[in-house]
Amino acid sequence: MKVLGIETSCDETAVSIIENNTILSEQVYSQTVHESLGGVVPELASRDHIKKLYVLACEVLDKSGLAISDIDAIAVTAGPGLPGSLIIGVSFAKAIALMNKIPIIAINHLEGHVFGVKLSYEITPPFLALLVSGGHTELIYVHNWGDYKLLGTTRDDAAGEALDKAAKVIGLSYPGGPEIQKIAEKGDPRSFRFPIAMLHSDDFDFSFSGLKTAFALTIRKLGIEKTKRNLANILASYQDAIVDSLLLKLDRASKKFGINRIVISGGVAASKRLREKATVKNWELYMPETKYCTDNASMIALAGEFYLLKGQQTPMNFPINSSWMLGTPLSMK
Amino acid sequence: MRKSRFIWLPLFLDTLIMKILSIDTSTDYICLGFGINDELISEISLRVPKKHSQLLPQLVRNLLEPVTVDLRDIDIITLSIGPGSYTGLRISTAFVQGLALSNENLRTVCVDSLTVYAQRFQNCKETVAVAVDARSKAIYGAVFDVSDAHPTPIIPSGVFSVKEFVQKLNCFPKIILMGNYANKIETSVKTILPNDFAIPSPRNLLALGYQEVIERKFISAENLEPKYLRDYIPGKAKVFFDSA
Amino acid sequence: MKFVSNTVEQTEQIAGKLAENLSLGDTVLLYGSLGSGKTTFVKGLCRKFLIEMVKSPSYVILKIYHGKNLTKNDKCVIYHIDLYRLEQMGQINGGEIAEYIFDENAIKIVEWADRLSEKMLPEKNIKVKLEIIDDKNRKITIINQTEEDI
């Protein structure tokens, strides 16, 4: 089954065609308009999606050597993400499905990331998946493809967001993760004590808001001069506090459910420190190549193909849901 | 870019029978029209606040099925390109691009959304002013002379503060006011506020679109972009409370 | 109105009180630095509408919650908007965010409202300023625009 996947949930415009879990052709355009602006600006993201989506879709078709009439179905991200951006991919996808009289399926972006692991590895469930990015921090028990239990999620900020915000406080650029990483490499992660959030709660939720506040207060107390002198140490400690709280919950879940097969994906999975610290654990660890950690349409098409082969599709009048939780219905109303 | 197959078009397009689908999602409404050349065959106007992307495909079906036309048989799309609700405009733009991807022979013409309101009063010897809510205390406004078959802009579509626009209107002896902000405009000028002032009519959209077709003003799918009228550029911060 | 809160719970309570007087179309504008308790305030506010899963929407800018207005026994849509990331835009002037901030059929809560330009402030707005006094204590100032006008 040839599935055309479309992903426009944030600042990547992506189109892909897959068949039998194999990519026939794919394109990702990463928007650059936001770089100097400290993060993704929704209005600019939407304007850029409109400019690029059609062109990318043409390129993907051309490269695959297929005509649009060869496509059997459409898979499109319907959430979570920026509403104005999601709606562009969804409207585009619906028009193609309507005109070609082919099925369409709405895919959860996070489920896409779960399926995305297949783009780098042969892997069979069950496994635990940790999705960490600027917008997400979710710990998922993957019983089987399409069968998940959301074990935990952040109660406030996402892990990547905690890095971004700290970076901003001390005047580093966006995204904060790589910038902090660079400076932290020269520091001692044990020199400052930041709270490991939710250390004592026995669930699998995360919280980074308290940590962020502790960071802001530490800087305030130290003053500009001392902060400057200790910057590497502060950042190394802060970064470790985030990495440790991620791995701590992952470790606990692994022990509780007796599952040693672990997937870590999402933008923050590119973090060197996270990779270092995760590798030394006694896990069967899968961290997809960076290209498939970040947003792409192949993972959406892959998830779509899975459901379509089971005979499922989504009625054409489906909405977008900017905060669609994994494992819940798309429409909450 | 994808190679479009060469399509033979006769020198005089009005000798051809063309099936035209008109789409306007610039307001809270979805307005759809199906026409053969400049003759409107069927139309739908439905108020669907924040539900355009959900309902557009089904409404297109509802429009075409009763007249037994397949979406594949549509030759031309008339797209109301703005100004108007950014999200609304992007929904129809992306939708039309999806249609264009699926049918290489499909051609698109674009029509200014405010001109559609004025078209209704063609050959009227009146002045038509259009005011559409642009949020953030501004309106999209335009003023047209409609004494001809098609509206001629006196003040072309632009973004105005309400005050600014009213000042401009006060220079005219008498106006017909249209657009979803029309009932909130207070002028010293003699004003006619028609029924349905807030709804763009598919009939008028088709009339304007057909004119574009005759003039061969086709826009290729990759160049379709809403008429935003405003660049999205940083301004200067106003701080109410100085942050600690 | 001025309050001093010394716990997270107190901040939530103050927010809850404010929530009881909100109706569709109202916009709550939050001002305060990082860690001053804005998200806590939003949580307290949303809890009154039976919304529990409140998280920072900094990354996606906007979250839409479907809650219930208990005093009016009616469904209630809440837009939780966080403009933190948009600081370097300087100011927000229209764009699709305006379509939410000026929506009359929802309650809007805006964190980092100082990123908005003046014309992006709806007329019916309530300004809430949160200040850090020390580790625990927060000063909360609420200015109700509509009341002030009377």
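## Chain C: order of elements and overall form

In this predicted model, the elements of chain C follow the order β-α-β-α-β-β-α-β-β-β-α from the N terminus. That order is made up of four helices and seven strands.

The radius of gyration of chain C is 14 Å, which agrees with the value near 15 Å that a compact globule of 150 residues would have. Along the principal axes, the C-alpha atoms of chain C fill a box of roughly 40 × 40 × 35 Å. Of the 150 residues in chain C, 54% are buried. Contacts in chain C between residues at least 6 apart in sequence include 66% that join residues at least 24 apart.

## Contact between chains A and C

Chain A puts 30 residues into its contact with chain C, and chain C puts in 22 residues. On the side of chain A, the elements giving two or more residues are helix H1 (42-64), helix H2 (83-100), helix H4 (159-169) and helix H6 (209-257). H6(A) provides the largest share of that side, with five residues.

By class, the side of chain A that touches chain C holds ten nonpolar, twelve polar and eight charged residues.

## Contact between chains A and B

The contact of chain A with chain B takes 30 residues from chain A and 27 residues from chain B. Here the elements of chain A that give two or more residues are H1 and H2. H2(A) gives the most to this side, with 13 residues.

The side of chain A that touches chain B is made up of 21 nonpolar, five polar and four charged residues.

## Two domains in chain A

The domain assignment divides chain A into domain 1 (2-114 + 292-309) and domain 2 (124-287). Domain 1 is therefore written as two segments, 2-114 and 292-309, under an assignment that comes from an automatic or database source. The C-alpha centres of the two domains of chain A lie 28 Å apart.

Where the two domains of chain A meet, nine residues come from domain 1 and 15 residues from domain 2. On the side of domain 1 that touches domain 2, helix H3 (109-116) and helix H9 (298-309) of chain A each supply at least two residues. The largest share of that side, three residues, comes from H3(A). The side of domain 1 of chain A that touches domain 2 has five nonpolar residues, four polar residues and no charged ones.

## Helix H9 of chain A

H9(A), which spans 298-309 and supplies residues to the contact between the domains, has twelve residues. From its first C-alpha to its last, H9(A) reaches 16 Å, close to the 16 Å expected at 1.5 Å a residue.

Eleven of the twelve residues of H9(A) are buried, so this helix is largely enclosed by the rest of the structure. A residue is called buried if 20 or more other C-beta atoms lie within 10 Å of its own. The buried residues run from A:Ser298, A:Met299, A:Ile300 and A:Ala301 through A:Leu302, A:Ala303, A:Gly304 and A:Glu305 to A:Phe306, A:Tyr307 and A:Leu308. Just after H9(A), A:Gly311 has a positive phi of about 85 degrees.

Notes. Residues numbered from 1 in each chain as written. Chains lettered and ligands numbered in written order. Predicted model: local features only at pLDDT ≥ 70, side-chain atom pairs only at ≥ 80, totals over all residues. Contact = placed C-beta atoms within 7 Å. Nonpolar A, V, L, I, M, F, W, Y, C, P; charged D, E, K, R; others polar. Rg over C-alpha atoms; globule rule 2.2 N^0.38 Å. Expected span 1.5 Å × (residues − 1).
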